[in-house]
Amino acid sequence: MFRRTEPTDCTIVWEGRDLPAREGESLAVALLAAGITSFRETPVTGAARGPLCLMGACFDCLVEVAGVQNMQACLVPVTPGLVAGIQHGARSFEEDAA
Amino acid sequence: MSVADEWTAGREAVAPVAETVDLLVLGAGPAGMAAATEARAHGMRVLVLDENGAPGGQVHRAVEARLAKGAVSDGQDKDGAKLAAAFRASGAQYRPGATLWAVEPGGKVFWSESGAARSIQAERLILAAGATERPLPIPGWTLPGVMSVGAAQIALKTAGLVPEGNVWLAGQGPLLWLYAVQALAKGGKIAGIIDLSPPGGFSRARPHLLRALKAPEYLLRGLVWQQRVKRATRVIQARELRAEGEGQLARMLVDGVAHPADLLLLHDGVVPNTQVTRAIAGLTHGWDPVQRCWRPALDLWGNTAVAGVMVAGDSGGIGGARAAALSGRIAALEAARALGRITTDERDGRAGPLRLLRDRQLAPRPFLDAMFPPLPEAAIPDETILCRCEEVTAGRVRQAVGLGCLGANQTKAFTRAGMGPCQGRICGPAVHGVIAAARGVPGGEVDPFRTRFPTKPLTLGELAALAG
């Protein structure tokens, strides 16, 4: 799908799994480089979705980052050790208030 | 501890901003960077808000990082590096990672950064929000593995990701060819290009050729791109495209013929980003029948129908990066005049040569517009999802038209199309086009989605920071 032409320099955690990444690149790009295209499940039908635009417009790359839901993965910069996972459906308010 | 303190406690501290500013610029692409730099040269206090982490916009995205790596190669990158350096040195206050979400009458502007909302009072506004890709809805385009060509270009420019494996490009428009050239130059591999543009492009464009030759570099560049790509990969002329797979793109059907695919990149040209301008009361827009898109009504300087609010660059009409930078400078000169920093004569004297240069950059546009018309929405099959957020198909929108829906805003009530988190950013042009085609009227007679502030989703937590 995609191949990196530049070295990685850190590790992030996606769904409990370590992935190589480069500090400062977007989380969405780091996931794509690792061959991951499913980022979320839609609130309407539960269908799998991944990024469309990578520029903050489509909201199809929503993920959970460090416990915060509905983050646009294309606008989240990678930091070493960043923990992220699939956004399941709509944002749940109970978890967010905790 | 107040509610606001609780919400904002532990969030990253954000440098404070002044209460007022002479000029607020939205966007740090070519138009925004040039406008801010020019305005600073006339002593204005300038604040630039930009959603990205570094200046450049989409066209010059990550140009500073690539410059530092010695990876600035083409003329476009050199333009961007020059603009960014001048912008950095200008003394404009620059807030990356800042998402504007409201403009109040009188010039109060609201945005969010690092999870907290901010506001400032601006004397003048230059909105330079750039362009977005026109959506190309095909059956199966919501499958993971289907993305836009612009997205792949961002992955290339920011992180050096190149395509490899069963990667296909499909649609029409200059960016599709440009990305192919850039990806191949970086060692990428493309399985093929599905050219969906209607035949006869050159004969449609021929009447505009003479004018286009005022800036021949555009046409020469385009020819070189197409030749390079055609040498390196196959190009299939087709009319119908479908993406298929179980929860993931696996193959595509090109006029009924199956090809394995693990990445499909779609493109159908670009349209002005009018999400913010359409939300400002009284700011009128007009329909562009050639590019089939809405654009704000502007005078020669970039003034809109609302006093103090100006537009520069592609968000006022697609003209490309060089025209955008020139229109940014022209708008800043007018802003400087309006605020009494320069006289009308000084404005005219300085802007004259810039306007001539802009005219030259815009000369090839009618040719390019005729060569690359947007694909017809009437041909979108009924089962195709138009609104990706609410998962509304073209068939349901057509059904709503059958029930009496005249415009995009009515289809919201009937179908929820355009009511998801993207607020119609992606599906807007497609929903609008499908309605116009179903009604059999020109696009200008169909209301577009009305946008409202906040123009980006906003959490109560972010909002509470305003009370702190």
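Predicted model: local features only at pLDDT ≥ 70, side-chain atom pairs only at ≥ 80, totals over all residues.
1. To find the spot, look for A:Arg3, which sits opposite B:Val162 in strand 9 of chain B.

2. Next, take in the contact between the chains as a whole. Chain B contributes 37 residues and chain A contributes 32 residues. On the side of chain B that touches chain A, two or more residues come from each of strand 7 (131-133), strand 8 (146-148), helix 5 (149-159) and strand 9 (161-163) of chain B. Helix 5 of chain B gives the largest share, 6 residues. Sorted by class, this side of chain B holds 15 nonpolar, 13 polar and 9 charged residues.

3. Now turn to chain A, and to strand 8 (residues 83-88) in particular. Strand 2 (residues 10-14) of chain A pairs with strand 8 of chain A in the parallel sense, over 2 bridges. Here A:Trp14 has A:Ala84 as its bridge partner.

4. Strand 4 of chain A, residues 40-41, also pairs with strand 8 of chain A, in the parallel sense and over 2 bridges. A handy landmark is A:Arg40, which stands opposite A:Gln87.

5. Finally, which strand of chain A pairs with strand 8 of chain A in the antiparallel sense? That is strand 6 (residues 62-65), with 3 bridges.

Conventions. Residues numbered from 1 in each chain as written. Chains lettered and ligands numbered in written order. Contact = placed C-beta atoms within 7 Å. Helix = DSSP H or I, 4+ residues; strand = E, 2+ residues; numbered from the N terminus. Nonpolar A, V, L, I, M, F, W, Y, C, P; charged D, E, K, R; others polar. Pairing = 2+ DSSP bridges.
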